[in-house]
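Welcome! Please take a moment with the sequence and the structure below, and then we can walk through some of the details together.

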Amino acid sequence: MPTTPLEVYFPVLVQALLGVGLALGLVGASSLLGKKLKNKIKDSPYECGMAPQGSAEERFSVKFYLVAMLFILFDIEAVFLYPWVVVYKDLGMIAFVEMAIFVILILSGFFYIWKKGVLDWSQISRIQRK
Amino acid sequence: MPANFAFPTEAEYIRFLPETILILMGTLIMVLEGFAGDGHRKGTHKVALFGLFLAMAAACYAGSNPGPAFSDFLLVDGFGTFFRMLVLTVGILAVLCSPSYLSRERADSGEYYALILYSLVGQCILATANELIMVFIGLEISSIATYVLAGYLRDDKRNNESAIKYFLLGSFATAFLLYGVAWIYGLTGSTNLAVIRQYLQTSATADPALVGLAAGLMFVGFAFKVSAAPFQAWTPDVYQGAPAPVTAFMSAGPKAAAFAVFIRVYITAFDGIAETWLPVVWVSALATMVIGNFAALTQTNIKRVLAYSSIAHAGYVLVAVAAHSQIGTAAAMFYLASYVFMNIGAFALISHLSRQGERYVQVNDLAGLSQRQPVTAALFAIFLLSLIGVPLTGGFFGKFYIFKAALDSQLYWLTVLGLLNSAVAAYYYLRIIVVMYFHEPGHATESLEEPAAGIRVASLVAALAVVVLGVAPSLLLNVASRSSAIGR
């Protein structure tokens with residue numbers, strides 16, 4: 001059993017060193033081995049994303065938020081499914097029923113956004129629906 | 001799997017039945033809304049009402065077999081059942097006065113009612129929470145739904161302002177609460193209220209100053225939710241900007257639930273260190289009453305008048321908390337019950353009087369209301385008289401029991417200052433009555449239609465409750481006294 005603070009926190013120290021080392025190693029390796037392309041787009045912080053500079057008051061589509069919320073919906077479901085799977089055999093039928101209730105609740109949320117047209121991204125089909 | 005693990009018994013599921021019903025009915029409304037697609041579906045409010053009555057029956061049934069549930073996470077006792085019934089009543093009254101308002105604003109959709117039901121889930125959890133994590137979860141469920149409701153008319157600037165202010169400040173306050181919970185867990189090793197209480201009473205290892213600090217951090221969170229000074233600044237803006245039926249709901253339900261959990265946490269868990277937090281509550285009670293009443297004097301917008309009045313009323317309830325006795329708890333319960341009816345009744349009538357786009361929300365817009373619609377004026381007058389605390393209304397006995405409890409606990413100064421405050425408050429309530437009864441009708445009252453059926457029912461029920469509480473207060477006070485023994 002670890003007793004002194006150093007022993008207790010030694011794994012944390014190792015993990016911190018690993019994390020820092022991995023980050024430095026990857027960045028260092030890519031700067032040593034990689035090709036050096038220099039142009040305006042390559043130098044931007046998010047090479048393939050949105051333009052990182054501009055007015056802060058710019059409006060962008062609400063779909064971004066909807067996708068983020070959808071992600072959370074299924075993310076949470078997955079987070080709860082993992083521990084459930086691990087202990088499923090010990091818990092038996094009642095665990096199955098409880099998880100079924102949970103999944104049905106999630107699915108009714110999914111059904112709601114589907115029917116509301118959140119997954120319908122093209123303009124034409126939206127107009128056709130109306 | 002731990003050796004002492006056991007699935008919850010049937011009785012424990014029954015103790016959680018009101019919340020289960022609310023969740024299922026809210027989800028049912030969302031699914032129905034999905035079937036309706038983009039078109040607006042009328043009648044979802046009936047589903048919501050049915051769910052609320054069902055939940056009330058379940059709360060009664062759960063209360064008939066009191067006890068803990070889910071490893072002591074919830075404690076269904078008289079106190080919790082009292083507040084469950086109270087917030088569900090708030091829900092019913094709020095749902096009743098919503099359909100006419102929403103169809104007037106062309107925002108008649110099921111999500112609104114689903115959000116009210118979800119918010120009530122949080123409030124029911126708050127009423128019975130016996131554990132700090134449940135307190136936090138209940139507070140969040142209740143608040144997040146209310147944030148959305150405050151900005152429900154999303155094309156309306158005032159709604160947006162209201163929602164964003166409420167959301168930003170509310171999440172900040174909840175962070176303080178959570179930080180306090182973390183401190184308490186670090187100091188006592190538990191989040192269970194009874195265990196914390198026992199630890200603080202028997203063990204000398206917890207530094208009282210640190211525990212006091214943690215209790216103070218949690219006080220910030222609770223004081224925000226009940227709009228107690230110095231964390232009341234959001235209240236007028238949020239209440240003014242939100243749709244009137246939503247203001248009715250959130251000035252009553254979340255507030256009563258937050259007071260329930262505030263009283264339960266401080267009387268149960270922090271009873272042993274009462275001498276550290278009682279002065280804070282004392283000062284906050286006085287500041288809340290003074291700020292609420294004096295700021296209301298200069299307001300011309302009727303929603304802001306009632307918002308400041310709602311701050312002041314939180315101050316009166318804090319007086320009962322400062323009394324720190326079982327009588328004080330019973331007085332707070334009685335006061336909150338009568339406050340809920342008079343406040344929701346007043347806001348129900350405002351949602352009728354304000355007209356489309358809430359154009360007429362100035363005090364002067366009520367000029368001559370008694371000549372155009374004598375019944376509406378009379379009902380509004382009943383609510384205002386009860387808010388003043390005139391005898392034969394629930395507000396009178398509410399204040400009477402609170403100041404009696406304060407006197408019993410030797411809080412003489414607080415009682416005197418509180419009574420002086422009530423006298424100040426009479427001015428701004430009476431001003432509204434004078435405008436309604438003695439001013440010549442203006443153009444605002446001329447175009448007024450008859451109130452919708454839902455608003456009529458909600459305001460009549462609320463007025464009836466206010467009068468019954470004023471004529472026969474013992475009906476409710478006996479229940480409150482019986483259920484006020486918490487933490488013992």
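Where in chain B is Pro230(B) found? Pro230(B) sits in the loop between α10 (208-225) and α11 (234-241) of chain B. Helices (H or I, at least four residues) and strands (E, at least two) are DSSP runs, numbered from the N terminus.

## About the model

This is a predicted model: local features need pLDDT of at least 70, side-chain atom pairs count only at pLDDT 80 or more, and totals for chains, interfaces and linings use all residues. Residues are numbered from 1 along each chain as its sequence is written, while chains are lettered from A and ligands numbered from 1 in the order in which they are written.

## The loop between α10 and α11

The peptide bond that leads from Ala229(B) to Pro230(B) is cis, with omega near 0°. The loop between α10 and α11 of chain B also holds Ser227(B). Ser227(B) is not a glycine, yet its phi is positive, about 50°.

Ser227(B) is buried, with 28 other C-beta atoms within 10 Å. Here, buried means 20 or more other C-beta atoms within 10 Å of a residue's own, exposed means 12 or fewer, and partly exposed is in between; C-beta atoms are placed from the backbone.

## The loop between β1 and β2

Phe70(B), another residue that is not a glycine, has a positive phi of about 55°. You will find Phe70(B) in the loop between β1 (67-69) and β2 (74-76) of chain B. Phe70(B) is partly exposed, with 14 other C-beta atoms within 10 Å.

## Where the chains touch

Chain A gives 10 residues to the contact and chain B gives 10 residues; two residues are in contact if their C-beta atoms, placed from the backbone, lie within 7 Å. On the side of chain A that touches chain B, α2 (63-91) and α3 (93-115) each supply at least two residues. The largest share of that side, six residues, comes from α3(A).
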